[in-house]
Amino acid sequence: MHRFLQSIGFSKYVSTHSVDTLLKKLSKEYMDYAVRFADESGEMRIEIRAEVCEDAGMCILGVIDKLGRMKRLDYYPYLVSHDISMAGRAFSFMRLDGNRYSAIVDHTNTGQPMLFLLDNSAEFNRRIDSNGMNNARISLAGLCEEGYILLPTEGHLMTGDTDMDSAQEPEETGNTADTEPVNNEASFMEMVEGGDPETLRQMAFAEMSNIATLARRLHKEDIFSIVDTLFMPEGTENDLYLVIGTILEIKKYRNKYTEEMIYNLKLEANNIIIHVAVNEADLTGEPVPGRRFKGEIWVQGRVDFSGVK
């Protein structure tokens with residue numbers, strides 16, 4: 001059974017038999033909307049997407065045998081985002097288990113490659129004939145088993161001139177470059193790359209000030225009151241992430257098969273826009289725009305192949 005079924009409102013489906021019965025029911029109801037395509041080996045594949053509420057549902061994957069019958073191979077719950085999370089990125093693909101693909105984005109706002117389940121693999125098989133591509137527009141979504149609502153932080157940035165009462169002051173040398181900050185970011189980076197000693201000293205001092213400030217605050221504050229947003233890998237599974245994101249928009253839907261209520265939260269985390277689905281029963285706190293969401297999410301994504309090179 002898939003651990004994230006409850007995220008789209010199937011929390012009562014906890015046995016193999018109940019899940020198998022559900023998948024047979026959904027396959028029968030949505031067979032007329034199935035997508036059929038040949039994979040790279042020429043085998044006929046079938047993908048059924050059964051929507052259980054707006055933008056969320058079950059994806060059922062299988063093959064077509066010689067008699068034209070479907071043999072189910074895999075399934076997973078999905079959530080679709082219509083917002084662009086990142087654009088102009090280079091990415092590649094990795095086949096997971098013969099039925100699904102993972103997409104790997106080389107550079108992201110998290111500072112490291114990001115791996116996620118490719119949710120439009122049928123389109124990938126029909127249109128793409130390359131392993132590495134550029135200029136991708138990617139929409140990210142995630143499913144969450146258990147989430148928490150956090151109050152927002154104070155929203156201020158820790159800079160070199162913030163709360164420096166216990167930080168060491170720079171020595172007076174008479175050179176105005178010692179005390180005048182470099183305000184232009186582009187000019188600042190040029191001087192850093194050029195090895196300008198005064199600029200490097202200012203940057204090192206600001207870094208030490210931030211570390212000292214953070215150390216003092218950690219003695220009396222919770223870490224989540226200091227960290228504004230977060231998007232980082234969680235555990236050993238590559239497509240699981242711990243996210244702390246600011247809530248931008250809230251939608252609430254009802255699973256038409258179980259009547260369970262599902263939240264679709266639009267978040268901003270590390271300058272990445274992502275939608276997260278969580279069962280109302282599994283969310284602690286009242287979601288309100290401006291507050292923050294914290295939870296472990298299974299990340300999926302859809303790639304817009306129309307502009308891919």
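**Entry 1**

I looked up Asp 20 and found a salt bridge to Lys 24, with the closest N and O atoms 3.3 Å apart. I count a salt bridge when a side-chain nitrogen of Lys or Arg is within 4 Å of a carboxyl oxygen of Asp or Glu. The model is predicted: local features need pLDDT of at least 70 and side-chain atom pairs count only at pLDDT 80 or more, while totals for chains, interfaces and linings use all residues. I number residues from 1 along each chain as its sequence is written, and side-chain values use heavy atoms, with hydrogens and water left out.

Asp 20 and Lys 24 both lie in helix 1, four residues apart, about one turn of the helix. Helices (H or I, at least four residues) and strands (E, at least two) are DSSP runs, numbered from the N terminus. Asp 20 is partly exposed at 24% relative accessible area. My cut-offs are buried under 20%, exposed over 50% and partly exposed in between, with a 1.4 Å probe and protein chains only.

I then checked Glu 29, whose side chain meets that of Lys 25 in a salt bridge of 3.1 Å, N to O. Glu 29 is partly exposed at 39%, and Lys 25 is partly exposed at 41%.

**Entry 1: a salt bridge across the chain**

Next I looked up Asp 119, which forms a salt bridge with Arg 302 (3.2 Å, N to O). The two are 183 residues apart: Asp 119 is in the loop between strand 7 and helix 2, and Arg 302 is in strand 14. Asp 119 is buried, at 1%, whereas Arg 302 is partly exposed, at 26%. Through shared partners, salt bridges join Glu 47, Arg 49, Asp 119 and Arg 302 into one network. The structure holds 16 salt bridges.

I traced an open sheet of four strands, in the order 1-2-3-4, with antiparallel pairing. Two strands pair if DSSP finds at least two bridges between them. Strand 1 (35-38) and strand 4 (70-79) stand at the edges with a single partner strand each, so one side of each has no neighbour in the sheet.

Strand 1 and strand 2 pair over four bridges, and Val 35 has Glu 47 as its bridge partner. In the hairpin of strand 2 and strand 3, with two residues between the strands, Asp 55 takes a positive phi near 70 degrees. Seven of the 10 residues of strand 2 are buried.
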